[in-house]
Amino acid sequence: MPSQQSEHPDDRLARLRGPQPPQPYTARKITALTANPACARRAVLDAAGVDKALLAQQVGYEPRFGQSPFALAREQAFHSLVKWGSYAELIRLLREQLSVPVAEAHVTDLNEVGGNTALHLRERETRRLIAHVASGQDIRLILDRPVLTLQVAGRTAYLEPDALTHRIEGKFHVVLIRSFAAIDGQANPTAVAEAAKQAAVYVLALHRAFETASLPTEQISHEFLLVCPKDFSNRPYGRLIDLRQELDALQFQLSRLRRAEDLAAQLPGTATLDTARSAGELSSSIEALDASYTPSCLSFCEMARYCRDEADGCASPARLGSGVRNDLPGIDSTRTALDYLDGVAAPGEAEAEAVDLLRAAARLRRLRRRAA
Amino acid sequence: MSVLSTVATITASHTGRAEPLTTVRHQHLDEQPFVLVPLTLAGEACAPLAALAGTDPERPMLLTVRQPRNRAERFRFAERLATLLLAYIDGCRTETEPYTVGRGKEKEERLRFQRAPQLLVPNGEGIAYVRLLGRLTRLRATEGPYAVDPSVPALGKWLTWFADLAEFPNSGALLAMTRLLAANWATGQSSSEDSHLASLFAWIDPPEDSDGARAAREAEDPAVWPPAGPSTDPVFDRTLHALMTRYDDASDDRGREAVGRQIDHELSGQMLPTWRLMWRGVELLRELPEGAHVPGRWDLDRRWFSEYVEYLDADGRPQARRDQAVRAARRLARLEDAVTRFEAERAFDDPLVMAEYELTGEAFTGTVTARDEDRFIPGDRPGSQVWRPTIVLRTDTRVGLAVGTEVKSPARPGQEARILEVRQEDGAGHTVVLQLKGGFARKRTPPAPPGTLAETGEELTYTTLNPTAMPSVLPDEENTPWTHGGPPQPYEPTDEDAEETWE
C-alpha cells in the first residue's frame with residue numbers, strides 16, 4: 001500500500017502503540033536490547049515505547065519483577081550519603097581516584113533548572129554547561145544528574161547519569177552510584193558488568209552531545225567511576241572501570257537497531273500494540289514479530305514468560321539453553337531431533353553429522369544404563 | 001554440557017520427567033548433615049534476615065532478625081547460628097583413626113577424626129551466603145568498641161572453611177542441593193531454571209497428577225513456592241516491610257513482641273517449603289548407590305577437617321581477607337588437580353559418565369577376542385626379558401586413541417596398558433591390541449593368577465583418564481623461594497578489619 005510506505009517510521013511506531021503515552025527509553029532498556037539483539041519483538045516494543053509489563057499482563061503473563069522496598073530504601077540512602085554534605089564523599093573519591101586539585105569543588109545540581117524539572121530544560125542547561133566547561137570558560141567539578149540524549153531507533157532517549165565530572169587532566173568522566181557492595185575490593189561481577197553497560201550508554205550520549213556542539217570528543221574518558229558501598233558498611237568506595245569493549249559493542253548494536261522501523265513497517269496494517277485493546281488482537285500482533293527467546297530473557301524481559309511458552313510450543317532447542325542449541329545445529333525443533341533419534345524421520349545432508357553424534361550418544365546412554 | 005546430557009535433556013523435555021545422568025551418586029551424603037536455609041534482607045550486603053537450620057528434618061531451628069538494620073541484632077543472629085553449628089562441629093570431633101600420608105621416605109602416620117561436618121544449602125547463592133557471612137563474622141573483635149561474642153568469629157572461621165572447600169569438586173563439606181540434583185538428573189528446562197530448587201524438584205519428583213513441565217511452571221509462583229533464598233520475594237518484602245515498621249513503632253514491649261512473633265511466623269512460612277524440599281532431596285539422593293571412590297573422598301574431607309581443628313586449637317587466626325599470591329597459586333594448583341582427579345574417578349565409578357568420554361574418543365569399550373599370556377619382550381638391561389602379556393579387543397565403535405597411548409581400565413585400575421596397534425575393521429569397528437604391565441599380584445612370570453588377566457569374551461573399557469595421576473608438585477610453603485616473596489606470612493588481623501562503620 002503506497003500510503004503505508006510513505007508513512008514516517010516514527011508515525012508507524014507511534015500508531016502501533018496507540019494513544020498510550022510512550023515509555024521513556026532508559027539506559028537499562030538500551031542495554032537489555034544489546035543483551036539479545038536478534039529479538040525483533042523486543043526491538044519493536046521498545047522502539048514504539050510500549051509498556052511491556054502492562055502488555056505482558058494483558059496477554060495473561062503477569063511479569064514477576066519488582067523491587068523490594070528494602071532494596072529501594074537502601075539505594076536511596078546510599079545515593080544521599082554519597083551526595084551528603086555538599087558531595088563531600090564524592091569529592092573525596094574523585095580526589096582519590098582522579099587526583100582532583102583541592103581548589104576545585106564547584107558543583108551544579110541539574111536535577112532542576114530554576115525550579116523546573118522538565119527533561120528538555122535540564123538537557124539544554126546540561127549542554128550549555130558542558131560547552132562552557134569543555135571550552136575552558138567555566139569550571140565545574142561535578143554536574144549532578146545531567147541530562148543527555150541519544151537517538152535510539154529513530155527516537156530520542158533522555159538519559160540521566162548519576163553525575164558527570166568536568167575535565168580532570170583534560171577528560172570528562174561519567175560517574176555511576178550503585179548500592180551493591182564491593183567486599184574486599186570485589187563486587188558482584190554481574191552487577192558490575194550491568195553498570196558498565198549502562199555507563200557506556202551515557203558515554204556514547206556524551207559523545208553525541210560533543211559532536212553536536214562541535215567540541216573535541218577526545219575530552220571524554222573511556223573510563224567511568226563506579227561508586228559502591230565498601231564491605232558491609234555504607235562508606236562509599238570508588239574505582240575507575242574501562243569501557244572500551246562495552247562502547248564498541250554498544251555502537252554496533254545501536255547501528256543494527258535501526259531495523260526496528262523496518263520491522264514495524266512489515267507488520268499488517270491492522271496490527272496493534274495498544275495495551276487497551278483485547279488480548280486476542282494483541283497476541284496476534286505480538287506473534288507477527290519474531291522473538292528470539294533464550295533462558296537468559298527470564299532475568300530481564302517482561303515478555304519472557306510469554307515467549308517461553310511460545311518457544312515450548314514449537315519445541316525450540318534454544319529454550320533449553322545454548323548447550324542444547326549448539327548440539328543441534330540446523331535442527332529447529334527438539335521434536336524433530338527426537339524423530340531423527342528414533343528413526344521416525346531421516347535427517348538432511350546438512351544435519352547428518354550432528355545427528356550421527358546424537359544417535360551414538362543415545363545408543364551409549366541406553367547401553368551403559370543397562371550395564372549399570 | 002555433553003552431547004549425552006543434550007540427549008537426556010531433550011528426552012526429558014518431551015516425556016515430562018527428569019532423565020538420569022548418572023548411575024551412582026558421586027558425592028558423600030552424611031548420615032547426619034546440617035541443613036541451612038538462609039534468607040537475607042534485600043539490597044544489603046549479607047544482612048542476615050532469617051534461617052532454618054539443624055540436623056533433624058522434623059525440628060528445624062528458627063532464627064530470625066526482626067530488625068536487620070540493627071547491627072546488634074545481626075550479631076545476635078550469628079551468635080545463635082554459632083550455638084547450633086559449633087555444637088554440630090564439636091560433635092564431629094569423635095574418635096580418631098590413623099592414616100598415612102606421602103610415600104617412601106616422606107611417609108608419615110597421622111590421625112584423623114572418624115566424622116566430619118557436612119553443611120547443605122539450597123543453591124549456589126546459599127554457598128555465596130556462607131562465604132559472605134563467614135567474611136562478615138570471622139574478623140570481628142571480641143573486645144573494644146564493637147565487641148561481639150567469641151562464638152561469632154569462631155563461626156566465621158568455620159563458615160569460611162566450608163566455603164573454601166565448596167570450590168573443590170572432591171569435597172562434600174558444603175554442598176548446594178540444586179547442584180547435587182542437577183548433577184544426577186537432566187530436566188527438560190534450561191540450567192538457569194534448574195537453579196530454582198522447587199522447579200528442579202518438579203521434574204525429578206513430580207506430583208502424581210502432573211508432569212514435570214507443568215509442575216515446574218507452577219513451582220515458579222512465589223506465592224505457592226517462596227524462593228529458596230537467600231534472596232526474598234519482593235512481594236513478600238512488602239508484607240515484611242509493613243510488619244517491621246509496626247515493630248519499630250510499637251508503643252510498648254508487649255505490642256512489639258506480638259508483632260515480632262508475627263514476623264517470625266511469616267519468615268518461617270517463607271522457608272519451610274524449602275526446608276522440606278531439602279530433606280526430600282536428601283532422601284532421593286540416598287536412594288542412589290554411592291560411587292566406589294566416594295568413601296575415599298570423604299576420608300580426605302575428614303583429614304581436612306582434622307587438620308583445621310588442629311590449626312584452630314594451635315593458632316586460630318582467621319583466614320585472610322584475600323589470599324597472598326603464593327597461597328593463591330598453591331590453591332589454584334590444588335584445585336586443578338582436584339578437578340582432574342574427580343572427573344577421572346567419576347568416570348571410573350560410573351559407566352554412564354564414562355560414556356561421555358567414549359563419545360569424545362577419550363575412552364573405548366570392546367570385547368576381548370584373544371590374549372597372549374606368555375609374551376616376553378626385551379627389557380631395559382641388555383639380554384633381559386620382561387613379561388608383557390597382550391590382549392586383543394574388538395569394538396564396534398571408532399577408536400580415537402593413537403598407538404603408544406597409555407590407558408587404564410576401571411575393571412583393573414592397578415594394571416597399566418599401552419596401545420600397540422589399532423586396526424580399522426570392515427564396517428565401523430576397530431581392533432585394538434593392548435600390552436599389559438603389572439596388576440598380576442607381584443608375579444613376574446606366567447601364568448597370571450585368576451582374574452588378573454582379562455578372559456576372552458570379557459567386555460572392557462579403556463580410557464586415558466587416570467584417577468591416580470600424580471598431582472602437580474609445588475615446593476612447601478616454608479620453602480617458597482625469595483624470588484616469589486619467600487614463605488608467606490600468616491594473616492594478622494588488624495584493628496581496621498574489625499572496625500567497619502555501621503549505619
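Student: How much area is buried between chain B and chain A?

Tutor: In this predicted model, the area buried between the two chains is about 4,400 Å². Carbon and sulfur atoms give 63% of that area. On the side of chain B, B:Ile10, B:His14 and B:Arg217 lose the most area to chain A, together 13% of what that side buries.

Student: How many residues does each chain bring to the contact?

Tutor: Chain B gives 56 residues and chain A gives 50 residues.

Student: How many salt bridges are there between chain B and chain A?

Tutor: A salt bridge pairs a side-chain nitrogen of Lys or Arg with a carboxyl oxygen of Asp or Glu within 4 Å. Here the count between the chains is 13 salt bridges. One to look at joins A:Arg368 and B:Glu358, at 2.8 Å from N to O.

Student: Which element gives the largest share of the side of chain B that touches chain A?

Tutor: That is H1(B), with 10 residues. By residue type, this side of chain B divides into 23 nonpolar, 16 polar and 17 charged.

Student: What span should helix H8 of chain A have?

Tutor: Helix H8 of chain A has 24 residues, 189-212, and at 1.5 Å a residue it should span 34 Å.

Student: What is found at the start of H8(A), and what just after it?

Tutor: At the start, a side-chain oxygen of A:Asn188 comes within 3.0 Å of the backbone nitrogen of A:Thr190. Just after the helix, A:Ser214 has a positive phi of about 55 degrees.

Key:
Residues are numbered from 1 along each chain as its sequence is written. Chains are lettered from A and ligands numbered from 1 in the order in which they are written. This is a predicted model: local features need pLDDT of at least 70, side-chain atom pairs count only at pLDDT 80 or more; totals for chains, interfaces and linings use all residues. Side-chain values use heavy atoms; hydrogens and water are left out. Contact means heavy atoms within 4.5 Å. Buried area is the accessible area (1.4 Å probe) that two parts lose on being put together, summed over both. Helices (H or I, at least four residues) and strands (E, at least two) are DSSP runs, numbered from the N terminus. Ala, Val, Leu, Ile, Met, Phe, Trp, Tyr, Cys and Pro count as nonpolar, Asp, Glu, Lys and Arg as charged, and the others, Gly among them, as polar. The expected span of a helix is 1.5 Å times one less than its number of residues. A polar contact is a pair of N or O atoms within 3.5 Å; within protein, one must be able to donate a hydrogen and the other to accept it, and residues adjacent in sequence count only if both atoms are side-chain atoms.
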